[in-house]
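Welcome to this short tour. Please open your viewer and get ready to select a few things with me.

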Amino acid sequence: MCPNDQALLNLLCDNLPLLDQQEAFSCLVCFLKRAIAIKTDKDKVLEISIPYSVNQPSTLAKYVFSSLQENYEGEVLTLMVAGIYHLMFQSKDYIVEVHPVNQSGASSKEISDLDVYQTGTLFLANELKDKEYAETDVRHAADKVIAAGGDKLLFIEGPRGGCAPSIKSSLIKEYAQKNFHLVILPAWDFFNSSIALLPNVDCKKFMYFILQKALDTKFKIETIDYLRKLARTIFLMK
């Protein structure tokens with residue numbers, strides 16, 4: 001629980017017992033109206049239309065690479081990787097889990113920044129860094145996957161990410177000796193190869209998924225607005 005959530009919970013516990021019946025009913029009505037408004041706004045965000053002719057690998061790549069011109073505290077990179085995995089793993093056996101960015105341990109199930117599960121078992125852990133990082137960041141991510149029983153980690157560098165090449169090569173060799181497959185690669189390489197391997201390119205499915213995940217994971221509204229605006233330009237989204 002983040003500090004702000006804890007403060008709100010404390011206020012609720014302190015003040016709720018002080019309300020009389022009429023005040024409590026008024027608060028309930030207000031809450032329900034707000035909940036309905038939030039649900040309506042969310043539904044509107046997910047009401048999208050994209051022409052079928054847009055479904056080309058080159059168009060999807062253009063959108064992904066264009067989106068990464070902005071960072072939004074790593075949220076853009078996270079959503080782009082999640083969207084690609086959603087198109088890559090079409091079977092219902094696979095689940096792509098997106099976790100809040102820059103909130104370590106936000107979920108009891110969280111292993112990496114983005115976890116892919118197959119039939120309930122960790123299939124692939126992904127650590128995403130769109131800023132400079134240190135050797136300790138890689139070790140922490142890899143060791144956490146090992147502790148969870150995983151045997152591989154994709155450590156993806158965003159446009160603003162990076163670390164000394166000697167450190168990366170040394171870590172890759174070290175973890176290989178532990179029978180752990182550590183891959184550290186730039187986002188450009190990940191997206192170029194992954195998009196080329198997609199069985200089908202469905203830009204509407206891609207956009208719906210990343211917007212839904214952004215809403216469910218409570219990413220910033222600025223991130224959502226940015227991605228929607230870009231989609232209207234590149235995907236001709238309505």
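## Stop one: isoleucine 156

Select isoleucine 156 and show its neighbours: leaving out residues up to four places away in sequence, it touches Leu77, Val81, Asn126, Glu127, Leu128, Lys129, Leu185, Ala187 and Phe190, where contact means heavy atoms within 4.5 Å. Before going on, please keep in mind that this is a predicted model, in which local features need pLDDT of at least 70 and side-chain atom pairs count only at pLDDT 80 or more, while totals for chains, interfaces and linings use all residues. Residues are numbered from 1 along each chain as its sequence is written, and side-chain values use heavy atoms, with hydrogens and water left out.

Helices (H or I, at least four residues) and strands (E, at least two) are DSSP runs, numbered from the N terminus. Is isoleucine 156 buried or exposed? Isoleucine 156 is buried, at a relative accessible area of 0%; buried means under 20%, exposed over 50%, and partly exposed in between, with a 1.4 Å probe and protein chains only.

## Stop two: a pair of helices

Select helix α4 (residues 75-88) and helix α7 (residues 187-197), whose axes come within 11 Å and cross at roughly 20°. The axes are lines fitted to C-alpha atoms over the stretch in contact, with angles from 0 to 180 degrees between N-to-C directions. That crossing makes α4 roughly parallel to α7, a label for angles under 35 degrees. Show the side chains in the contact: α4 brings Leu77, Met80, Val81, Ile84, Tyr85 and Met88, and α7 brings Ala187, Phe190, Phe191, Ser194 and Ile195.

## Stop three: two positive phi angles

Go to glutamate 73, in the loop between α3 (57-67) and α4. Glutamate 73 is not a glycine, yet its phi is positive, about 55°. This residue is exposed, with a relative accessible area of 54%.

Then jump to leucine 236, in the segment after α9 (221-234). Its phi is also positive, near 60°, and leucine 236 is partly exposed, with a relative accessible area of 47%.

## Last stop: the whole chain

Zoom out to see nine helices and five strands. Of the 238 residues of the chain, 41% count as buried.

Notes. Angles under 35 degrees count as roughly parallel, over 145 as roughly antiparallel, 65 to 115 as roughly perpendicular and the rest as oblique.
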